[in-house]
Amino acid sequence: MTNNNFAWLHRGITEIFPNQSDSENITENLTQLCLKSSRPLRVKLGIDPTGTDLHLGHSIPFRKLRAFQDQGHTAIVIIGDFTAQIGDPTGKDKVRKQLTPEDVKQNAETYLNQLRPILDFDTPDRLEIRYNSEWLSSLNLAKIQELLATMTVQQMLAKEGFNNRYTQENPIYLHEFLYPLMQGYDSVAVNADVELGGTDQKFNIAVGRDLQKYFGQKPQFGVLLPILIGTDGEQKMSKSLNNYVALKDDALSMYSKLEKTPDSLLTNYFELLTDLSLAQIPENPREAQKLLALEIVSQYHGKEAALTVQKTALELISNQNLANAEAVPEFSLNNVEFPAKLFYILNVSGLVNSSGDGRRQIQGGSVRLDGDRIIDPNLTIETPSELANKILQVGKKKFIRLIS
């Protein structure tokens, strides 16, 4: 059933636990479990739909989940519709805002749509999508008391986020202690053999192992994957830091961001975000950047679209054939009330984060209109006809075609 070459399992991972690599015991060695299991393994990955956008950092554990699917195992995607209403306290210095069930449901639908290019949704018995409200919403007080009795306050405070907040005298609310237990109980509910997660999820995955032991199940293996550094080359990929590539980015935006990947991140991005052999990475960093961008855009938009936007990006960067450049996202000027400041149009079109940011980009010389640099931060456009069919550009990564 499975491939005896386990490069697919070990590529890009940070840790497997437990991991007695010399042991033939299937409870100590995940490779042995894959080899000897008489059935497909149940491989769990949970995600709380707390927002609407997934980015390439989120894709890493899902790509590993797909690798398990391709080896004949069953992917169990847990949509944390119940736990999202609490919010994972991991890495947070304050309590998360609690979401409504309506928010969570809508977010979950957008997440699944964004995951379709990664996971195998079509092969029978390769994917289960489960919502943890299925079992968590029916827990009575007696069962919750039983779960709470499996851990001590000292164990909870050993969790890094809780420990930091306790030391800094920031509030920790009692309902937050339930989160690791509920995520762990998910593993019991689906009888997981393996759980995937980022390195920041080790505590929660270990709680799942403990609860499985408590309820008489064989404890799952944990497979930890690294947190992706963002396109700034410094901090973890995050929408709030504006150093991310969203899974639902249009093809040109995705390509334009990725072809500027810092040299220091290229090997890491190839290993974690593609299936290419690392021996295939060009020695020339510029060629490596273009290959990386082409490969990742192909995954989410198809090879033909990727080749088209590669050509378009070259034309835009060189300011050649701007009027005929293909695949540039369009923005309707009907969304703007004229006369309007150009910095406002930059904002409402999504090219910048705010009108103030738009002014700064113009003052910094980063804004072009059909290839001509704009330097007046107070430039006013009187009518939409002045902009119709022109390309508005910020830096070398962001472009839109203005249409009326």
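This is a predicted model: local features need pLDDT of at least 70, side-chain atom pairs count only at pLDDT 80 or more; totals for chains, interfaces and linings use all residues.
**Entry 1: helix α8.** I first examined helix α8, which spans residues 160-167. Which of its residues are buried? I found G161, F162 and R165 to be buried. They cover an arc of only 95° around the axis, and therefore lie on the same side of α8. I noted the general rule that residues three or four places apart point the same way, because an α-helix has 3.6 residues a turn. On the face turned away from the buried side I recorded E160 and T167, both exposed.

**Entry 2: surroundings of α8.** I then looked up what the buried residues of α8 pack against, and found α7 (153-157) and α9 (174-190). Just after α8, I noted a positive phi of about 60° at E169.

Entry 3: I found both W8 and F68 buried. For F162 and F177, the centres are 5.1 Å apart and the planes at 75°, so this pair is also edge-to-face. It joins helix α8, through F162, to helix α9, through F177, across 15 residues. Both F162 and F177 are buried. I also noted that ring pairs link F6, W8 and F68 into a cluster.

**Entry 4: charges over rings.** I recorded the charged end of R116 over the ring of F121, 4.2 Å from its centre. K202 lies over the face of F17, at 5.2 Å from the ring centre.

Notes:
Residues are numbered from 1 along each chain as its sequence is written. Side-chain values use heavy atoms; hydrogens and water are left out. Buried means under 20% relative accessible area, exposed over 50%, partly exposed in between (1.4 Å probe, protein chains only). Helices (H or I, at least four residues) and strands (E, at least two) are DSSP runs, numbered from the N terminus. The arc is that of the directions from the helix axis to the C-beta atoms. Contact means heavy atoms within 4.5 Å. Rings of Phe, Tyr and Trp (its six-membered ring) pair if their centres lie within 6.5 Å; planes under 30 degrees apart count as stacked, over 60 as edge-to-face and the rest as tilted. A charge sits over a ring if NZ of Lys or CZ of Arg is within 6 Å of the ring centre and within 35 degrees of the ring normal.
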